[in-house]
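Me: I am new to this structure. Can we go through it in short questions and answers?

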Amino acid sequence: MATSGVQTSGEYISHHLQNLHVGQGFWSLHLDTLIVSGLLGLLAFGTMMLLARKASSGIPTGAQNCVEMVVSLVNDQVKDTFHAKSDLVTPLAITIFVWVFLMNAMDLIPVDFLPLVASSAGVDYLKVVPTTDPNLTFGMSIAVFFIMIAMNLKFKGVRGLLKEALTVPFGKYLFPVNLLFRIIEDLAKPISLALRLFGNMYAGEMVFILLAVWMGASYWWVPAGVALSLAWALFHILIITLQAFVFMMLTVVYMSMAAESH
Amino acid sequence: MNINATLLGQALWFALFIWLTMKYVWPPLQKAMQDRQKQIADGLAAGEKGRQELAASAEKVSQELQKTKEQAMEIISQAEKRSGELIEEAKNQAKLEGERIVTAAKAEIEQEVNRAKELLRAQVASLALAGAEQILQKEINAAAHGDMLQRLESELG
């Protein structure tokens with residue numbers, strides 16, 4: 001909640017959708033997105049690093065077991081989809097799945113909890129779920145896009161890539177159409193990746209916020225609101241995992257399309 | 001939608017985490033998992049091998065047992081045969097020995113009889129002589145027979 005006393009519902013909602021930012025115009029930063037995603041990433045990958053360092057080939061226990069389960073789940077998917085040889089694809093997929101999952105999971109923390117803590121520490125705006133920030137989803141999907149192009153060049157070379165872009169799918173005489181199709185196809189990939197994740201998480205967060213607003217209207221609504229929030233949170237666990245999985249899976253598919261000639 | 005430089009920062013975070021995973025998380029985990037897979041595969045293979053060896057050695061044991069039984073049977077039958085032979089031999093020997101003893105006894109008896117006969121014969125002669133002497137004592141004349149005795153003596157000398 002804001003530091004100033006009473007809010008209208010509209011103010012409450014727009015306040016929740018406001019990032020903590022510094023700077024003006026394009027050269028501004030959403031500090032909350034950067035910090036929350038960065039901390040989650042450092043925590044997750046730091047822990048995984050420590051576990052991996054002392055990973056033994058004996059009977060895996062506790063945390064190592066957990067990490068291995070996640071990692072081998074991702075690896076199995078990669079092995080099923082991506083058939084070329086690459087040291088990058090599996091780590092990329094692991095990073096995406098773990099990171100996106102954790103950032104999405106921030107959605108399960110009650111909407112007002114962290115902003116309230118932050119505001120008592122003097123921070124006015126805090127948007128807790130980094131994946132509801134299109135900057136994050138586009139940041140990731142554009143990075144994936146460039147990795148995809150690099151993968152194309154690595155496996156097909158400049159000539160191979162050009163040949164494919166100009167001749168597939170309609171043959172060499174319709175090369176302008178082919179090229180246009182290829183550009184649209186490739187541009188659609190990062191855009192759909194980013195918007196899918198953003199849209200799902202934004203909508204999910206919005207439902208939580210609306211339920212909170214509803215409960216704020218009267219104490220009578222609190223029990224129903226709590227029940228509905230709980231139900232939505234339980235359902236959301238599925239969405240969180242699914243969206244992380246979809247982002248990862250599509251990335252792997254794009255990589256495999258980049259590595260293999262169609 | 002408010003696109004700004006956060007996107008670049010986010011891409012940097014992303015790149016950092018990919019790098020971390022690629023360099024420090026995935027390779028050791030992959031190695032550990034592959035090693036474990038290998039260990040498990042080796043263990044299973046060793047177990048399978050042990051099972052096969054056990055079956056093979058059980059087979060061998062039963063073969064050996066069979067062979068040993070056959071040998072034992074053979075030895076027993078040989079022993080039986082041999083003991084029969086020995087008994088037969090001993091019987092024969094005993095028979096021979098008995099015959100020999102009987103023969104020897106018979107010979108001895110014959111000898112004894114002969115000796116007794118001889119003795120008796122000798123005694124009969126001397127008895128006859130003594131009887132004759134007794135009879136002759138009365139009518140013998142030393143002088144009359146002296147010549148004859150002397151003749152005999154010279155003939156002997």
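Me: In chain A, what share of the contacts with a separation of 6 or more comes from residues 24 or more positions apart?
Reply: This is a predicted model. Two residues are in contact if their C-beta atoms lie within 7 Å. Among the chain A contacts with a separation of 6 or more, the share from residues 24 or more positions apart is 69%.

Me: Which pattern does chain A follow along the sequence?
Reply: Chain A has eight helices and two strands. Its C-alpha trace spans about 70 × 55 × 35 Å along the principal axes. Read along the sequence, the pattern is α-β-β-α-α-α-α-α-α-α.

Me: What percentage of the residues in chain A is buried?
Reply: A residue is buried if 20 or more other C-beta atoms lie within 10 Å of its own. Chain A has 262 residues, and the buried part is 34%.

Me: How are α7(A) and α8(A) oriented to each other, roughly parallel or roughly antiparallel?
Reply: The axes of α7(A) and α8(A) are 10 Å apart, at an angle of about 175°. Angles over 145 degrees count as roughly antiparallel. So α7(A) and α8(A) are roughly antiparallel.

Me: How many nonpolar residues does the contact of α7(A) with α8(A) have?
Reply: On α7(A), the residues in contact include L193(A), F208(A) and W214(A). On α8(A), they include W232(A), F247(A) and Y254(A). By class, six residues of this contact are polar and two are charged, while the nonpolar count is 16.

Me: α3(A) also packs against α8(A). Which handedness does the crossing have, left or right?
Reply: Helix α3 covers residues 62-81 of chain A, and helix α8 covers residues 222-259. Their axes come within 10 Å and cross at roughly 30°. That angle makes α3(A) roughly parallel to α8(A). The crossing is right-handed.

Me: How many charged residues are in the contact of α3(A) with α8(A)?
Reply: α3(A) contributes V74(A), Q77(A), V78(A) and T81(A). α8(A) contributes M248(A), M249(A), V252(A), V253(A) and S256(A). By class there are six nonpolar and three polar residues, and the charged count is no residues.

Me: Which two residues does a cis peptide bond join?
Reply: Most peptide bonds are trans. Here there is a cis bond, with omega about 5°. The bond joins V168(A) and P169(A).

Me: Is I109(A) buried, exposed or partly exposed?
Reply: I109(A) lies in the loop between α4 and α5 of chain A. It has 13 other C-beta atoms within 10 Å. A residue is exposed at 12 or fewer and buried at 20 or more. I109(A) is therefore partly exposed.

Me: Leaving aside neighbours within four places in sequence, which residues are in contact with I109(A)?
Reply: A150(A) is 41 residues from I109(A) in sequence, and 38 Å away in space, C-alpha to C-alpha. Contact needs C-beta atoms within 7 Å. With those neighbours left aside, the contacts of I109(A) are L114(A) and V128(A).

Me: Why does chain B count as more spread out than a compact globule?
Reply: Chain B has two helices and zero strands. For 157 residues the globule rule gives 15 Å. Chain B is well over that, so it is more spread out than a compact globule, and its radius of gyration is 62 Å.

Me: Is V113(B) buried or exposed?
Reply: V113(B) is in helix α1 of chain B. It has 10 C-beta neighbours inside 10 Å. The cut-off for exposed is 12 or fewer. V113(B) therefore counts as exposed.

Me: How many residues of chain A are in contact with chain B?
Reply: Chain B brings 27 residues to this contact. By class they are 19 nonpolar, six polar and two charged. On chain A, the count is 39 residues.

Me: How are α2(A) and α1(B) oriented to each other, roughly parallel or roughly antiparallel?
Reply: The axes of α2(A) and α1(B) are 9 Å apart, at an angle of about 10°. The contact includes F45(A) and M48(A) of α2(A), and W13(B) and F17(B) of α1(B). Angles under 35 degrees count as roughly parallel. So α2(A) and α1(B) are roughly parallel.

Definitions and conventions. Residues numbered from 1 in each chain as written. Chains lettered and ligands numbered in written order. Predicted model: local features only at pLDDT ≥ 70, side-chain atom pairs only at ≥ 80, totals over all residues. Helix = DSSP H or I, 4+ residues; strand = E, 2+ residues; numbered from the N terminus. Rg over C-alpha atoms; globule rule 2.2 N^0.38 Å. Nonpolar A, V, L, I, M, F, W, Y, C, P; charged D, E, K, R; others polar. Axes fitted to C-alpha atoms, helices over the stretch in contact; angles between N-to-C directions. Parallel < 35°, antiparallel > 145°, perpendicular 65-115°, else oblique. Left-handed = near helix turned anticlockwise from the far one by under 90°.
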